[in-house]
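The paragraphs below lead through parts of one structure, beginning with a chain as a whole and going on to a helix pair, a sheet and an interface. Please keep the sequence and the structure in view while reading.

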Amino acid sequence: MLYRETGQFKTSYAADAAVFPILQDRIGIAAILAFAFLAVPLIFSEFWISAVLIPILVFSLAAIGLNLLTGYAGQISLGTGGFMGVGAYACYKLTTIFPEVNIIVLIVVSGLAAAALGTLFGLPSLRIKGFYLAVATLAAQFFLSWCFVRVAWLYNYNVSGAIEVPTRTMLGIPVTGPNATSVTRYLIVLSLVVAMTWVASNLIRGRIGRMWMAVRDMDIAAELIGIRLFRTKLIAFAASSFYCGVAGAMMVFLWFGAAEADSFNIDLSFRVLFMVIIGGLGSLVGSFFGAALILGLPIVLRSLPDALGVPIRAATAEHVQFMIVGALIIFFLAVEPSGLARLWQIGKQKLRVWPFPY
Amino acid sequence: MDLLYKIFLDPFVQMGTAPDLLVQTLWEGLVGGVLYALIALGYVLIYKASGVFNFAQGIMVVFAALTLVGLHELGVPAFAALVVTLGVMFLLAIAVERIILRPLVNQPEIILFMATFGLTSFLIGFGEFVFGGEPKIMITDELHLPGGAIDFQVLGGLVSLQKIDIAAAVIASMMVAGLAAFFQNTRIGRALRAVADSHKAALSVGISLEQIWVAVWFAAGIVALATGIMWGARSNVSFALEIVALKALPVLVLGGFTSVPGAIVGGVVIGVSEKLGEFYWGPLLGGGIESWLAYVIALVFLLFRPQGLFGEKIIERV
Amino acid sequence: MGNILGNETSVGAVQRGGPGGNNSKENAMRVTHIILGLAFAMASAVAAPAQAQDSIYIPLLTYRTGPFAGSGIPIANGMHDYLTMLNERDGGIGGVKLSVEECETGYDTKKGVECYEAVKGKKPVIMNPWSTGTTLQLIPKASVDKIPILSMAYGLSASALGNDFPWIFNPPATYWDGLSMIFKYISSKEGGLERLKGKTIGFIFFEGGYGREPIPLLEQFAKDYGFDVKMYPVTVQEMQTQSAQWLGVRRDRPAWMIMWGWGAMNPTAIKEAAKINYPMDHLVSVWWGGSEDDARPTGLGAKGYVALNFSAVGANFAAIRDIQKYVVDKGESQVAAKDKVGESHYNKGVYNSVLIAEAIRNAQKLTGRKVVSGEDVRRGLETLDINAARWSELGLPEFGAPLKVSCTDHNGHQATYLQQWDGRKWMKVSDWVAPMTDRVQPLLDAAANDYVSKDPAWPKRTEPCDKTS
């Protein structure tokens with residue numbers, strides 16, 4: 001009844017092919033954006049913004065990156081953590097060398113560095129497919145982890161091997177470093193994520209996205225109709241690494257404020273992969289859902305005992321959290337292998353015909 | 001020039017001047033390789049029969065070892081604890097088949113792979129919950145596993161072989177031989193091979209997929225227990241072990257995902273190359289290259305022979 | 001009128017694909033929606049938890065899970081039990097109860113920072129990160145959030161300089177002090193450090209912030225005394241398979257091996273050292289390698305292994321007996337067995353809590369308030385003065401060397417002693433050894449300068465200095 005298309009006529013091809021053809025969708029998106037930009041900084045507490053929303057946004061971007069590669073182009077990658085690290089360290093070096101340049105510009109440029117390395121490590125995809133490619137990307141992950149420790153130039157020869165984010169300002173307001181307020185950092189992260197999601201959405205709907213999906217579905221047939229496999233796969237690696245690199249740079253500069261070599265280990269790769277799988281392979285909105293679930297779950301689980309008044313030891317809470325995450329993954333995969341995004345799609349489909357059943 | 005000497009000549013010079021160290025390195029590599037192969041064996045078994053890449057193999061190793069030691073700590077005598085642990089692994093196999101495999105019967109491989117991620121996470125939490133996070137000592141004496149070492153004064157130096165490592169190598173070979181014979185000669189083994197070829201065809205001949213899957217996951221559980229005992233005896237039993245399980249992936253790449261002898265050969269090759277590489281060429285790069293050397297070796301190998309040494313060539317049809 | 005989620009029995013319904021009929025799909029989706037709805041409801045009910053106004057909040061960042069749990073569990077128990085004992089026996093400190101809460105980090109820096117962010121709102125009076133990596137990341141935040149950080153015998157060595165790091169404290173000794181004390185021990189065994197000329201000293205260390213801290217001083221000593229340093233880094237993945245590193249030790253034959261390990265690295269290293277028949281009495285570790293759980297797996301094979309320690313081992317102290325009585329016997333402790341109380345790392349946890357308790361007492365004395373804040377405890381930490389008499393008063397005579405912290409010296413550079421494994425337990429084999437302050441201080445100054453100069457926005461110290469009480 002509410003989510004109806006009656007009365008909405010398309011009078012041009014452009015309108016018909018629009019990303020959000022239904023007016024209610026457009027209103028919905030506008031409302032969400034308005035809420036995110038205007039209402040959240042005013043309503044939510046410091047804890048929620050800095051410990052929940054910023055991480056969810058950063059990981060959503062990383063999940064989008066991995067989704068481009070694994071969900072849309074069908075190339076399994078376990079090197080996400082390494083590429084995020086490349087972005088972070090590149091940004092650190094760039095801001096050390098060019099301290100006056102706006103940090104947001106540098107964050108985006110460091111994505112290019114990650115893209116270059118991603119292309120390099122994507123070269124094996126010419127010959128290797130499936131799980132074997134996953135092993136190859138594991139090589140990239142472990143090698144990059146090793147580089148973050150060994151190549152002292154990356155962390156400016158700090159004895160501790162860790163990088164600290166220097167304070168950078170924009171229009172006089174500190175944006176990075178311990179003095180940056182959570183609201184400032186949140187707004188910047190949000191803007192970057194919204195912009196890059198919009199770019200990704202266009203990428204997917206365009207020629208490149210269709211090439212990726214053809215390669216994913218049946219690559220031999222794709223080659224037969226003239227799609228150049230190698231170039232397509234490399235573009236996928238490049239785009240994915242770009243997104244992961246930017247996410248990594250944001251993680252260090254706008255969230256943690258510091259990093260060490262072990263911050264970008266294999267666990268990070270697995271975590272982003274979990275988000276992509278649970279959210280739904282091949283879906284942008286699924287990346288957001290997956291990130292929200294995987295990041296929000298520990299927080300809910302940690303505060304649940306307090307809310308229910310049941311005393312629980314910290315270590316036990318951690319154990320229970322692992323068990324619940326594991327059980328939930330299996331549950332979601334059994335119930336809806338296509339992830340949360342598919343559930344969302346089904347929900348919207350139902351809404352379109354509500355209150356009728358079909 | 002100096003760099004070229006360092007890379008291409010110096011290591012061999014070192015090998016020549018200290019042959020006892022070379023033999024020791026080779027032995028250490030062999031032992032490491034055998035242990036990797038044991039883990040890889042678990043993967044191969046499950047992949048062969050159910051088409052699932054069981055990421056949880058590593059945590060199954062830890063879980064089996066923890067159960068064994070935990071039971072012993074509660075006072076159960078060693079061999080009885082062994083039997084009970086086997087029972088626990090059997091129950092685990094049934095649970096996995098019921099909860100994970102059955103609902104996800106026709107799903108693409110990546111989904112099943114992800115489900116084993118969920119299993120890993122669950123077992124980590126469950127294991128730590130039941131047994132606690134403190135590292136435990138493997139009960140090698142109670143299991144009558146030999147301790148100490150055999151030293152050879154040879155080649156101008158000392159080569160020391162730990163008895164437990166020899167035992168590990170022997171047990172691993174026996175397991176491989178046993179499993180190979182099992183697959184070739186018994187009815188269940190033939191059924192397993194049939195299931196590995198095609199689920200649908202096996203079903204149509206009357207093979208019960210569920211029984212086969214329980215059997216194969218139980219077999220993987222036995223292998224996991226053996227692996228856990230051996231690995232635990234070398235250091236101690238803690239959750240740091242499951243990180244080592246990732247090393248089995250290059251082994252699988254080399255040996256082929258579906259080949260039991262391939263797991264052993266691949267394991268030995270990776271183990272030896274890794275140790276040699278780390279010991280002789282590692283110092284050039286500051287050490288610690290063991291963490292990625294195996295993967296790079298596997299990667300290079302993949303570029304020339306994607307199906308591994310013993311795997312089946314993948315034929316794709318459009 | 002069908003329900004919102006559709007009618008299960010509708011035959012002509014659009015095929016939604018996947019295994020199982022529409023029935024299970026609908027049910028599952030309903031269950032999922034309910035779960036998600038509950039989750040959101042719960043999540044929104046999470047407000048900043050009400051903090052009882054009449055207690056002092058002390059978060060403990062611990063790791064009882066993961067590959068470092070072997071080291072983390074006894075320390076967590078020691079810390080928690082001593083503070084709980086104070087609550088039970090004395091009703092808290094100065095009559096104010098302590099609210100102790102653990103946050104599980106798994107020795108992961110990211111989780112440590114997340115724990116910090118999570119507990120920040122509850123107004124903690126002190127922070128114990130128990131990880132050098134986490135400490136390094138929290139150092140810039142401490143002065144902004146006004147929470148003092150007690151990184152006892154770990155963290156950034158340079159934070160000993162109170163003027164540059166007013167909010168960071170790392171008593172009783174820095175890693176550089178520790179290394180210098182190891183060299184003093186080596187010197188006593190060799191007959192002088194000059195005897196090391198031409199020899200090789202091996203350094204096997206955890207590849208991370210913690211393990212790399214002492215390297216500059218080690219290289220300085222190598223230059224001064226003419227010995228060769230061989231480095232054996234151990235990454236976290238390779239912690240349990242160190243055979244390559246120890247084969248290297250066999251090849252290089254260093255006269256002395258210095259170990260800087262943590263978690264699962266230590267027991268494996270000791271096992272490997274015994275395997276290659278390295279003389280165990282030439283293997284010396286920093287205080288973090290001195291746990292019973294590190295040497296016990298090798299047992300008699302580890303006999304002779306030496307480690308530094310800054311707190312006494314054993315349960316024969318009045319305060320520890322009080323812990324047994326008020327905490328362990330009442331079931332409030334998480335120790336796996338009664339004889340774990342009094343072990344080496346357990347007592348280090350107790351030591352940490354003693355420092356916390358004394359700092360709070362000092363803060364109460366200085367400010368006259370009972371419920372002190374982070375800023376008060378910072379002043380309390382800066383006026384820490386635990387002499388021998390005070391240790392006895394606390395029921396822990398000779399537990400640690402006399403400790404004195406000042407505004408400029410946030411460390412104290414106290415003496416430690418060396419303990420040796422006899423196959424079953426630790427034996428004290430030296431008196432209190434003082435660090436080579438003359439060698440260490442210039443390095444500390446240089447490091448602090450380096451740190452501060454790299455960040456032009458580093459705040460100058462504005463906190464006034466209290467005269468010690």
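Chain B holds 13 helices and two strands, where helices (H or I, at least four residues) and strands (E, at least two) are DSSP runs numbered from the N terminus. Its radius of gyration, taken over C-alpha atoms, is 21 Å, close to the 20 Å that the globule rule (2.2 Å times the number of residues to the power 0.38) gives for 318 residues, so chain B is as compact as a globular protein of that length. The model is a predicted one, in which local features need pLDDT of at least 70 and side-chain atom pairs count only at pLDDT 80 or more, while totals for chains, interfaces and linings use all residues. Residues are numbered from 1 along each chain as its sequence is written, and chains are lettered from A and ligands numbered from 1 in the order in which they are written.

Within chain B, the axes of helix α3(B) (residues 57-73) and helix α4(B) (residues 78-101) come within 9 Å and cross at roughly 140°; such axes are lines fitted to C-alpha atoms, for helices over the stretch in contact, and angles run from 0 to 180 degrees between N-to-C directions. The two helices α3(B) and α4(B) are therefore oblique to each other, a word for what is left when angles under 35 degrees count as roughly parallel, over 145 as roughly antiparallel and 65 to 115 as roughly perpendicular. Among the residues that make the contact are L68(B) and L71(B) of α3(B) and L82(B) and V88(B) of α4(B), contact meaning that C-beta atoms, placed from the backbone, lie within 7 Å.

Chain C contains an open sheet of seven strands with mixed pairing, in the order β6-β5-β7-β8-β9-β12-β13, two strands being paired if DSSP finds at least two bridges between them. The edge strands of chain C, each pairing on one side only, are β6 (228-234) and β13 (426-428), and the twist averages 25° from one strand to the next. Strand β5 (residues 200-206) of chain C pairs with β6(C) in the parallel sense over seven bridges, and the bridge partner of F205(C) in β6(C) is P233(C). Across β5, β6 and β7 (256-260) of chain C lies helix α8(C) (residues 243-252), which runs at about 165° to β6(C).

Where the two chains meet, 32 residues of chain C are in contact with 30 residues of chain B. On the side of chain C that touches chain B, α8(C) gives the most, with six residues.
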